[in-house]
Amino acid sequence: MKPPPQSRAALALRAGAVLAAAALLGILAVPVAGLVARVPPRDLVARLGDPAVLQALRLSLVTTACATAAIVALGLPVAYLLATRDFPGKRVIEVLVDLPMVLPPTVAGLALLLAFGRAGLAGRALEVLGLSLPFSTLGVVVAQVFMAAPFFVSPARAGLASVDARYLDAAATLRASEAFTFFRVMLPLALPSVLAGAAMSCARALGEFGATITFAGNMPGVTQTMPLAVYVALQSDLEAAVTLSVILLVFSFTLLLGLRLAPVGLFWRRADAARHAR
Amino acid sequence: MLRATLARRRGTFQLEVALEAAPGSTLVLVGENGAGKTTVLRLLAGLERPDRGAISLDGAVYFDSERAVEVPARRREIGVLSADYGLFPHLSVAENVAFGLRAQGVPAKAAHGRVAAMLARLGIAGLGARRPRELSGGQQQRVALARALVLEPRLLLLDEPLSALDVQTRRELRAELRALLAELPCVTLYVTHSPMEAIVFGDRIAVMEAGRITQAGTREELLRHPRSAYVAEFMGVNLFQGAIVRRADGMAQVQAADGVLNVADPGGAGDVFVAVNPREITLHREAPSGSAQNVFRGTVVELAPEPPFGERVRVVLGTRPPLVAETTRQAVAALGLREGSQVYAAFKATGVVAYR
């Protein structure tokens, strides 16, 4: 039986969509699979014992953790401001917050260097305090914050803005201050978005390369994070570069997967159960 | 004492209202959807700002456009029960009720005691650990009420507190809510679109139409002298007053001026009001054999089709006591009713609201 023309068009459309999706997923998955397939698990474990690798891994984890903490602490007020207030120049601030997402990391690193370097405006001010960011571990964190903050602020802001106004009205009539309402109502209700943003920015900070190498340099033990170590290894030892890449890949993948699998409802319930247990 | 004059314009909608209500009394603001009732509550609570006007509560000035006074919502001693209750979904019942106390810095232990007492008072002591989504509509309503009352407000604002409930629950909770409100020392402002609820809850009733109060008075005044088409609908509510002359098994007989009514016992002593919704009254040609405890025989005095299409018909009955029933045009035709026909009017004791 011949299908009617309309359903044939629909069929073609469906086939096209499947092919398009398969093509993109292929572009995403094949390189990842290629990396993983290159490295026997035994090599991976052996390589983890290498002090140089451990050093880079530890530095990556420490700087990423610090950067993520700083992004959440400094980004929440920004997200709250953008979600709840209207003020002149708000559009400019919004663009400023989003800018690092589209800026080439090298350009970001250069900008950081000009601002926080010896000759830079902020750099001179910090020097008075005895602080020097370029080519220091703290510089790595600053570069990561600069590049990864937008990945937190955008979803956090969207989450805070989407909290139903009736809960905020209820809190106001229950005589709660703005701060109390934020911590007790807005933040818990926006928690899925806030946690998603934190995880995204954490993953972005972990993978940061361009801004870090431009601004903080590439000193083993001080500023050489995992992505930089991969880059260096690539110059001399391909197998080492691949192994390091896989380690980094496993961390990033686990982070993002953990985010998908952790139901935030559980978070509420757990906090609740703890309170009742007391 | 609540005194408020409120004026606000939004687009073409102009709201202009003056209110006054005494502590311990309930003022009902009744009107159709879009009349501006909820806006009045929001203006009083401080969730929206009037263009002009003044609000004072027990001597404290909350708003005065002349003197540029505006107290923010969180500094007003006002409790609000919104139509959807607005319970925090991520907090337990006890945490919801404790919210306002904790927000004001009451220590956890002291708050816990007051919360427990309030939950017990509203008959929901066992629900403290539950989440709002695990509660029935009636339970949610009581939690929201407890949450507002635990702060001991000077003014309680209720926005359609029964409308989110199904018919059966609404009937059960109506009497309970009325008893609770009667005990409260604060001013209560009750917003509803239902003339029936206005009659049951209002010590005074203010009728709102298109942003204005078109009539205000006691229920008797409104029943006797309706001054607008909307108020005239109140005429449909059958209201009687009398003493309880006999009680048995949770039922009571009320001796009204012109007849005896069987109702669910509202408890207490003294005169009670009995309100009968005309839609609860069924009409029969033969004496009904069902479970209705109230059956009256009489003649049809008047058949008045309801605008706009006459699908529903008001039937004025010469029974003792006199009743007005509301039925469908089909039912009138099926029964062959004409003015002068003999009929039986019947309603269940549970279809009646008896209250003090």
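B:Glu152 sits in the loop of chain B that runs between helix H4 (137-149) and strand E8 (155-159); helices (H or I, at least four residues) and strands (E, at least two) are DSSP runs numbered from the N terminus. The model is a predicted one, in which local features need pLDDT of at least 70 and side-chain atom pairs count only at pLDDT 80 or more, while totals for chains, interfaces and linings use all residues. Residues are numbered from 1 along each chain as its sequence is written, and chains are lettered from A and ligands numbered from 1 in the order in which they are written.

Although B:Glu152 is not a glycine, its phi is positive, at about 50 degrees. B:Glu152 has 14 C-beta neighbours inside 10 Å and therefore counts as partly exposed. Here a residue is buried if 20 or more other C-beta atoms lie within 10 Å of its own, exposed if 12 or fewer, and partly exposed in between, with C-beta atoms placed from the backbone. A positive phi, near 75 degrees, is also found at B:Tyr85, a residue other than glycine. B:Tyr85 belongs to the loop between strand E7 (78-81) and helix H2 (93-103) of chain B, and it counts as buried because 22 C-beta neighbours lie inside 10 Å. A further backbone feature is the cis peptide bond from B:Arg320 to B:Pro321, with omega near 0 degrees. B:Pro321 is placed in the loop between strand E18 (312-317) and strand E19 (323-328) of chain B.

Those two strands, E18 and E19, take part in an open sheet of five strands in chain B, ordered E16-E20-E17-E18-E19 with antiparallel pairing; strands pair if DSSP finds at least two bridges between them. Strand E16 (282-284) and E19 of chain B form the edges, each pairing on one side only. From one strand to the next the twist averages 45 degrees, where axes are lines fitted to C-alpha atoms (for helices over the stretch in contact) and angles run from 0 to 180 degrees between N-to-C directions. Within chain B, strand E17 (residues 294-305) and strand E20 (residues 342-347) run antiparallel and are joined by six bridges, and B:Arg297 has B:Tyr344 in E20(B) as its bridge partner. Six bridges also link the antiparallel strands E13 (residues 251-256) and E14 (residues 259-264) of chain B. A hairpin connects E13(B) to E14(B) through two residues, and B:Met251 faces B:Ala264 in E14(B).

Elsewhere in chain B, strand E2 (residues 13-21) holds B:Val17, which counts as buried because it has 23 C-beta neighbours inside 10 Å. Leaving out residues up to four places away in sequence, B:Val17 touches B:Leu6, B:Val40, B:Arg212 and B:Ile213; contact requires C-beta atoms, placed from the backbone, within 7 Å.

Between the chains, 20 residues of chain B are in contact with 17 residues of chain A. E7 and H2 of chain B each supply at least two residues of the side that touches chain A. That side of chain B has ten nonpolar, seven polar and three charged residues, where Ala, Val, Leu, Ile, Met, Phe, Trp, Tyr, Cys and Pro count as nonpolar, Asp, Glu, Lys and Arg as charged, and the others, Gly among them, as polar.

In chain A, helix H7 is largely enclosed by the rest of the structure, because 21 of its 25 residues are buried.

Definitions and conventions:
Contact = placed C-beta atoms within 7 Å.
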